[in-house]
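Let's take a walk through this protein chain together. Have the sequence and the 3D view ready, and we'll start with a single residue before stepping back.

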Amino acid sequence: VAVADGIAERGAPWRPNQSSHLQQQVLEACTRKTSAGPKRSCGKFGCRIRAPDPFTIESGSSFDIPFLTHVNTQAPPPLVQLTCALTASLSLLVGVRDVLLPGAPLPFPGDDKYQLVFGSQIIKKARVPAPVAFPLTLVLGWGGVFHAAYAVIKLVTVFSSPEGTFLRRNLFATFGITELLVAANLLQYVDLVTNDIGVSPMPFVVIFTASGLVFMADALLRERKPKRK
(Lines give C-alpha, C1' and ligand atoms only; values in the text may rest on other atoms or scores of the structure.)
Protein backbone atom coordinates (compact mmCIF):
# COMPACT_ATOMS: atom_id res chain seq x y z
CA VAL A 1 0.00 0.00 0.00
CA ALA A 2 1.41 3.37 -1.02
CA VAL A 3 0.25 6.48 0.81
CA ALA A 4 0.07 9.58 -1.35
CA ASP A 5 1.22 12.73 0.43
CA GLY A 6 -1.17 15.10 -1.30
CA ILE A 7 -4.16 16.76 0.33
CA ALA A 8 -7.78 16.23 -0.56
CA GLU A 9 -10.68 18.08 0.99
CA ARG A 10 -14.03 16.36 1.04
CA GLY A 11 -15.82 17.26 -2.18
CA ALA A 12 -12.73 18.91 -3.70
CA PRO A 13 -10.27 17.51 -6.28
CA TRP A 14 -7.00 16.15 -4.99
CA ARG A 15 -4.00 18.00 -6.42
CA PRO A 16 -0.71 16.31 -5.53
CA ASN A 17 2.74 17.54 -6.37
CA GLN A 18 2.85 17.67 -10.16
CA SER A 19 6.56 16.88 -10.19
CA SER A 20 5.94 13.39 -8.82
CA HIS A 21 5.14 10.83 -11.52
CA LEU A 22 3.59 8.45 -9.02
CA GLN A 23 1.37 11.15 -7.55
CA GLN A 24 0.30 12.24 -11.02
CA GLN A 25 -0.79 8.70 -11.77
CA VAL A 26 -2.74 8.58 -8.52
CA LEU A 27 -4.41 11.84 -9.50
CA GLU A 28 -5.46 10.31 -12.82
CA ALA A 29 -6.79 7.31 -10.94
CA CYS A 30 -8.87 9.58 -8.75
CA THR A 31 -10.40 11.53 -11.60
CA ARG A 32 -10.85 8.85 -14.27
CA LYS A 33 -14.53 8.14 -14.90
CA THR A 34 -14.41 5.54 -17.69
CA SER A 35 -15.53 1.97 -17.22
CA ALA A 36 -11.89 0.95 -17.19
CA GLY A 37 -11.11 3.39 -14.40
CA PRO A 38 -9.94 2.40 -10.96
CA LYS A 39 -12.29 1.19 -8.29
CA ARG A 40 -12.72 3.65 -5.45
CA SER A 41 -13.76 2.93 -1.90
CA CYS A 42 -14.23 6.09 0.15
CA GLY A 43 -14.74 6.25 3.88
CA LYS A 44 -14.71 8.82 6.63
CA PHE A 45 -10.96 9.46 6.49
CA GLY A 46 -10.14 9.03 2.80
CA CYS A 47 -10.31 6.97 -0.38
CA ARG A 48 -8.59 3.76 -1.41
CA ILE A 49 -7.86 3.57 -5.13
CA ARG A 50 -7.31 0.18 -6.81
CA ALA A 51 -5.77 0.50 -10.26
CA PRO A 52 -7.19 -1.57 -13.17
CA ASP A 53 -5.13 -3.46 -15.73
CA PRO A 54 -4.89 -0.59 -18.26
CA PHE A 55 -3.58 1.69 -15.56
CA THR A 56 0.14 2.43 -15.74
CA ILE A 57 0.79 1.69 -12.07
CA GLU A 58 1.25 -1.99 -11.24
CA SER A 59 -2.08 -3.75 -11.63
CA GLY A 60 -3.91 -4.23 -8.37
CA SER A 61 -1.89 -1.65 -6.44
CA SER A 62 -3.82 0.27 -3.80
CA PHE A 63 -3.34 3.87 -2.73
CA ASP A 64 -4.74 5.52 0.37
CA ILE A 65 -5.63 9.19 -0.10
CA PRO A 66 -6.46 10.79 3.28
CA PHE A 67 -8.96 13.54 3.89
CA LEU A 68 -7.02 16.21 5.77
CA THR A 69 -9.67 18.84 6.29
CA HIS A 70 -7.75 20.73 8.96
CA VAL A 71 -4.34 20.93 7.34
CA ASN A 72 -2.47 24.18 8.13
CA THR A 73 -5.38 25.62 10.07
CA GLN A 74 -4.71 24.41 13.61
CA ALA A 75 -3.62 27.13 16.00
CA PRO A 76 -0.97 26.31 18.62
CA PRO A 77 -2.35 25.13 21.99
CA PRO A 78 -3.38 27.85 24.49
CA LEU A 79 -0.45 27.00 26.78
CA VAL A 80 2.01 27.60 23.93
CA GLN A 81 0.29 30.88 23.04
CA LEU A 82 0.34 32.10 26.64
CA THR A 83 3.98 31.12 27.17
CA CYS A 84 5.00 32.76 23.90
CA ALA A 85 3.11 35.97 24.68
CA LEU A 86 4.75 36.34 28.10
CA THR A 87 8.32 35.38 27.24
CA ALA A 88 8.40 37.12 23.86
CA SER A 89 7.00 40.33 25.34
CA LEU A 90 9.76 40.32 27.96
CA SER A 91 12.44 39.63 25.36
CA LEU A 92 11.07 42.35 23.10
CA LEU A 93 11.10 44.88 25.93
CA VAL A 94 14.68 44.01 26.88
CA GLY A 95 15.83 44.19 23.26
CA VAL A 96 14.24 47.58 22.64
CA ARG A 97 15.75 48.90 25.90
CA ASP A 98 19.24 47.73 24.92
CA VAL A 99 18.96 49.52 21.58
CA LEU A 100 17.37 52.80 22.65
CA LEU A 101 18.33 53.18 26.33
CA PRO A 102 21.27 50.90 27.12
CA GLY A 103 21.78 50.55 30.84
CA ALA A 104 18.33 51.82 31.80
CA PRO A 105 16.75 49.51 34.41
CA LEU A 106 13.40 47.94 33.70
CA PRO A 107 10.73 47.63 36.41
CA PHE A 108 11.74 44.07 37.30
CA PRO A 109 13.26 42.91 40.59
CA GLY A 110 17.04 43.22 40.52
CA ASP A 111 17.34 44.69 37.04
CA ASP A 112 18.73 47.97 38.40
CA LYS A 113 21.60 46.00 39.97
CA TYR A 114 22.14 43.97 36.83
CA GLN A 115 22.53 47.09 34.70
CA LEU A 116 25.43 48.23 36.87
CA VAL A 117 27.49 45.63 35.00
CA PHE A 118 27.30 47.78 31.87
CA GLY A 119 27.56 51.27 33.33
CA SER A 120 28.54 52.27 36.87
CA GLN A 121 30.95 54.29 38.93
CA ILE A 122 32.14 54.27 42.53
CA ILE A 123 31.02 57.22 44.67
CA LYS A 124 31.76 57.16 48.38
CA LYS A 125 32.56 53.43 48.26
CA ALA A 126 29.20 52.69 46.68
CA ARG A 127 28.56 51.58 43.10
CA VAL A 128 26.02 53.81 41.42
CA PRO A 129 24.65 53.88 37.84
CA ALA A 130 26.60 55.69 35.12
CA PRO A 131 26.03 56.14 31.38
CA VAL A 132 27.03 53.14 29.28
CA ALA A 133 30.12 53.98 27.23
CA PHE A 134 31.32 52.85 23.83
CA PRO A 135 32.01 50.06 22.86
CA LEU A 136 29.43 48.52 25.19
CA THR A 137 26.72 50.62 23.56
CA LEU A 138 27.58 48.97 20.23
CA VAL A 139 27.52 45.48 21.76
CA LEU A 140 24.25 46.09 23.58
CA GLY A 141 22.62 47.67 20.53
CA TRP A 142 23.70 44.82 18.25
CA GLY A 143 22.51 42.19 20.71
CA GLY A 144 19.34 44.12 21.46
CA VAL A 145 18.24 44.08 17.83
CA PHE A 146 18.64 40.31 17.63
CA HIS A 147 17.02 39.88 21.04
CA ALA A 148 13.98 41.82 19.90
CA ALA A 149 13.96 40.05 16.52
CA TYR A 150 13.91 36.64 18.20
CA ALA A 151 10.88 37.74 20.21
CA VAL A 152 9.08 39.02 17.10
CA ILE A 153 9.82 35.78 15.23
CA LYS A 154 8.22 33.80 18.06
CA LEU A 155 5.15 36.04 18.01
CA VAL A 156 4.84 35.88 14.22
CA THR A 157 5.19 32.10 14.20
CA VAL A 158 2.63 31.49 16.94
CA PHE A 159 0.06 34.20 16.22
CA SER A 160 0.46 34.90 12.49
CA SER A 161 -1.10 33.17 9.47
CA PRO A 162 -1.91 29.47 9.99
CA GLU A 163 -1.10 28.75 6.35
CA GLY A 164 2.54 27.98 5.62
CA THR A 165 2.77 30.13 2.49
CA PHE A 166 1.80 33.34 4.27
CA LEU A 167 3.64 32.41 7.45
CA ARG A 168 6.85 32.29 5.40
CA ARG A 169 5.98 35.67 3.90
CA ASN A 170 5.56 37.15 7.36
CA LEU A 171 8.81 35.60 8.56
CA PHE A 172 10.64 36.89 5.48
CA ALA A 173 9.41 40.39 6.28
CA THR A 174 10.59 39.96 9.88
CA PHE A 175 14.03 38.81 8.71
CA GLY A 176 14.28 41.77 6.33
CA ILE A 177 13.29 44.35 8.93
CA THR A 178 15.70 42.82 11.45
CA GLU A 179 18.66 42.97 9.10
CA LEU A 180 17.89 46.54 8.08
CA LEU A 181 17.72 47.53 11.74
CA VAL A 182 21.05 45.80 12.40
CA ALA A 183 22.60 47.73 9.51
CA ALA A 184 21.14 51.02 10.74
CA ASN A 185 22.34 50.38 14.30
CA LEU A 186 25.84 49.55 13.12
CA LEU A 187 25.94 52.51 10.73
CA GLN A 188 25.82 55.03 13.57
CA TYR A 189 29.02 53.52 15.02
CA VAL A 190 31.05 53.39 11.79
CA ASP A 191 33.21 56.41 12.65
CA LEU A 192 33.71 55.37 16.29
CA VAL A 193 34.75 51.84 15.37
CA THR A 194 37.01 53.03 12.54
CA ASN A 195 38.77 55.58 14.78
CA ASP A 196 39.09 53.08 17.62
CA ILE A 197 40.49 50.04 15.79
CA GLY A 198 41.33 51.39 12.32
CA VAL A 199 38.93 49.08 10.47
CA SER A 200 35.58 50.18 9.09
CA PRO A 201 32.50 48.01 9.71
CA MET A 202 30.90 49.27 6.48
CA PRO A 203 31.14 45.83 4.77
CA PHE A 204 28.82 44.44 7.45
CA VAL A 205 26.45 47.37 6.95
CA VAL A 206 26.33 46.63 3.20
CA ILE A 207 25.82 42.88 3.73
CA PHE A 208 22.95 43.27 6.19
CA THR A 209 21.35 46.02 4.09
CA ALA A 210 21.47 43.95 0.90
CA SER A 211 20.10 40.83 2.59
CA GLY A 212 17.36 42.80 4.34
CA LEU A 213 16.26 44.41 1.08
CA VAL A 214 16.13 41.02 -0.66
CA PHE A 215 13.91 39.51 2.05
CA MET A 216 11.68 42.58 2.18
CA ALA A 217 11.29 42.64 -1.61
CA ASP A 218 10.34 38.96 -1.66
CA ALA A 219 7.81 39.42 1.16
CA LEU A 220 6.20 42.51 -0.38
CA LEU A 221 6.43 41.95 -4.13
CA ARG A 222 6.20 38.21 -4.82
CA GLU A 223 2.65 37.05 -5.47
CA ARG A 224 1.39 34.30 -3.21
CA LYS A 225 -1.86 32.41 -3.58
CA PRO A 226 -3.63 30.60 -0.76
CA LYS A 227 -3.58 26.83 -0.93
CA ARG A 228 -7.12 26.56 0.40
CA LYS A 229 -10.26 28.44 -0.56
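Does Phe-134 count as buried, partly exposed or exposed, and why? Phe-134 counts as partly exposed because its relative accessibility is 28%; buried means under 20% relative accessible area, exposed means over 50%, and partly exposed is in between, using a 1.4 Å probe and protein chains only.

Before going on, a word on what you're looking at: this is a predicted model, where local features need pLDDT of at least 70, side-chain atom pairs count only at pLDDT 80 or more, and totals for chains, interfaces and linings use all residues. Residues are numbered from 1 along each chain as its sequence is written, and side-chain values use heavy atoms, with hydrogens and water left out.

Back to Phe-134, which you'll find in the loop between strand 6 and helix 4. Helices (H or I, at least four residues) and strands (E, at least two) are DSSP runs, numbered from the N terminus. Setting aside neighbours within four places in sequence, Phe-134 touches Tyr-189, Leu-192, Val-193 and Asp-196, where contact means heavy atoms within 4.5 Å. Take Leu-192: it sits 58 residues away from Phe-134 along the chain, yet their C-alpha atoms are separated by 8.3 Å.

Strand 5 (residues 120-123) and strand 6 (residues 126-129) run antiparallel, joined by four bridges; strands pair if DSSP finds at least two bridges between them. Ser-120 stands opposite Pro-129, and Ile-122 has Arg-127 as its bridge partner. The two strands make a hairpin with two residues between them, and Lys-124 in the turn has a positive phi of about 55°.

Among the residues making the contact are Trp-142 and Phe-146 of helix 4, and Leu-171 and Phe-175 of helix 5.

Finally, zoom out. The chain has seven helices and six strands, and 34% of its 229 residues are buried. Of the contacts with a separation of 6 or more, 51% come from residues 24 or more positions apart.
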